[in-house]
Amino acid sequence: MSNKSCGLYFLDAPGGTGKTFLISIILATIRSQNNIALAIASSGIAATLLDGGRTAHSALKLPLNVQVIETPTCNISKDSGMGKVLRSCQVIIWDECTTAHKKSLEALNRTLKDLRGNEQLFGGALILLAGDFRQTLPVIPRSTPADELNACLKSSVA
């Protein structure tokens, strides 16, 4: 991968087909070239399966009530350690992203644009989303099926 790689990619496959294995290979390849690859996941279980993986809420400082905030952002300053990592990383891989609320991804988009000083999608960063839309959709308390579909990544503007 060149340092100028950017874009949004989605790895969609049924559970048990090797998504986590492929992600591990990508992480190892990028890190073997002395580049930074950030591994995050929507659940703690998925995060433990990734080398250096953390939950999205922990790594990105996402608000816990992201679904009720109109335009959420990650609570990361430009001078913080995570701010420096997000500015310089080669790739951000988000596993099990299909269970996350769409506003979580939109918050990452806004934050990366600000941190990187770039108005491209995700601030021009290379993003790999992985998950399975055949599994659990975002959980919305006291919601209708329509609310759950509206919270899904597929209905995001980002």
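Student: Is Asp 12 buried, partly exposed or exposed?

Tutor: Two cut-offs on relative accessible area decide this: buried is under 20%, exposed is over 50%, and partly exposed lies in between (1.4 Å probe, protein chains only). Asp 12 has 39% relative accessibility, so it counts as partly exposed.

Student: Which pLDDT do local features need here?

Tutor: Residues are numbered from 1 along each chain as its sequence is written, and side-chain values use heavy atoms, with hydrogens and water left out. This is a predicted model: totals for chains, interfaces and linings use all residues, side-chain atom pairs count only at pLDDT 80 or more, and local features need a pLDDT of at least 70.

Student: How many salt bridges are there?

Tutor: Side chains of opposite charge can pair when their charged atoms come close. A salt bridge puts a side-chain nitrogen of Lys or Arg within 4 Å of a carboxyl oxygen of Asp or Glu. By this rule the count is four.

Student: How many residues apart are Arg 134 and Asp 12, and where do they sit?

Tutor: Arg 134 forms a salt bridge with Asp 12, with the closest N and O atoms 3.5 Å apart. Asp 12 is in strand 1 (residues 7–12), while Arg 134 is in the loop between strand 5 (126–131) and helix 6 (145–151). Helices (H or I, at least four residues) and strands (E, at least two) are DSSP runs, numbered from the N terminus. The pair links distant parts of the chain, and the separation is 122 residues.

Student: Which residues does the network around Arg 134 join?

Tutor: Arg 134 also forms a salt bridge with Asp 132, closest N to O 2.9 Å. Shared partners tie the salt bridges into one network: Asp 12, Asp 132 and Arg 134.

Student: In that trio, is Asp 132 buried or exposed?

Tutor: Arg 134 has 54% relative accessibility and therefore counts as exposed. Asp 132 has a relative accessible area of 3%, so it is buried.

Student: How many residues apart are Arg 31 and Asp 51?

Tutor: Arg 31 forms a salt bridge with Asp 51, and the closest N and O atoms are 3.4 Å apart. Arg 31 belongs to helix 1 (residues 19–32), and Asp 51 to the loop between helix 2 (44–48) and strand 3 (54–55). These are distant parts of the chain, and the separation is 20 residues.

Student: And is Asp 51 buried or exposed?

Tutor: Arg 31, at 27% relative accessibility, counts as partly exposed. Asp 51 stands at 57%, so it counts as exposed.

Student: Lys 19 is buried yet has no salt bridge; which side chain of opposite charge is nearest?

Tutor: Lys 19 is in helix 1. Its contacts (heavy atoms within 4.5 Å) include Leu 11, Ala 13 and Pro 14, not counting residues up to four places away in sequence. For charge, Lys and Arg count as positive and Asp and Glu as negative; His and the chain ends are not counted. The nearest side chain of opposite charge is 5.0 Å away: Asp 132.

Student: How much accessible area does the nonpolar patch of Phe 21, Leu 22 and Ile 25 have?

Tutor: Patches take residues with over 30% relative accessible area and no salt bridge; like charges are joined within 9 Å, nonpolar side chains (Val, Leu, Ile, Met, Phe, Trp, Tyr) within 5 Å. Leu 22 lies in helix 1 and is partly exposed, at 38%. Areas come from the Shrake-Rupley method with a 1.4 Å probe; for residues, only the protein chains shown count as cover. Together, Phe 21, Leu 22 and Ile 25 have about 310 Å².

Student: How far apart are the end C-alpha atoms of helix 5?

Tutor: The expected span of a helix is 1.5 Å times one less than its number of residues. Helix 5 (residues 102–116) has 15 residues and should span 21 Å. The model agrees, since its end C-alpha atoms are apart by 21 Å.

Student: What covers the buried residues of helix 5?

Tutor: Helix 5 is mostly covered, with 11 of its 15 residues buried. Among them are Leu 105, Leu 108, Leu 112 and Leu 115. The cover includes helix 3 (56–60), helix 4 (81–88), strand 4 (91–95), strand 5 and helix 6.

Student: Phe 122 has a positive phi; is this residue buried or exposed?

Tutor: Phi of Phe 122 is near 55 degrees, a positive value in a residue other than glycine. Phe 122 lies in the loop between helix 5 and strand 5. Its relative accessible area is 0%, so Phe 122 is buried.
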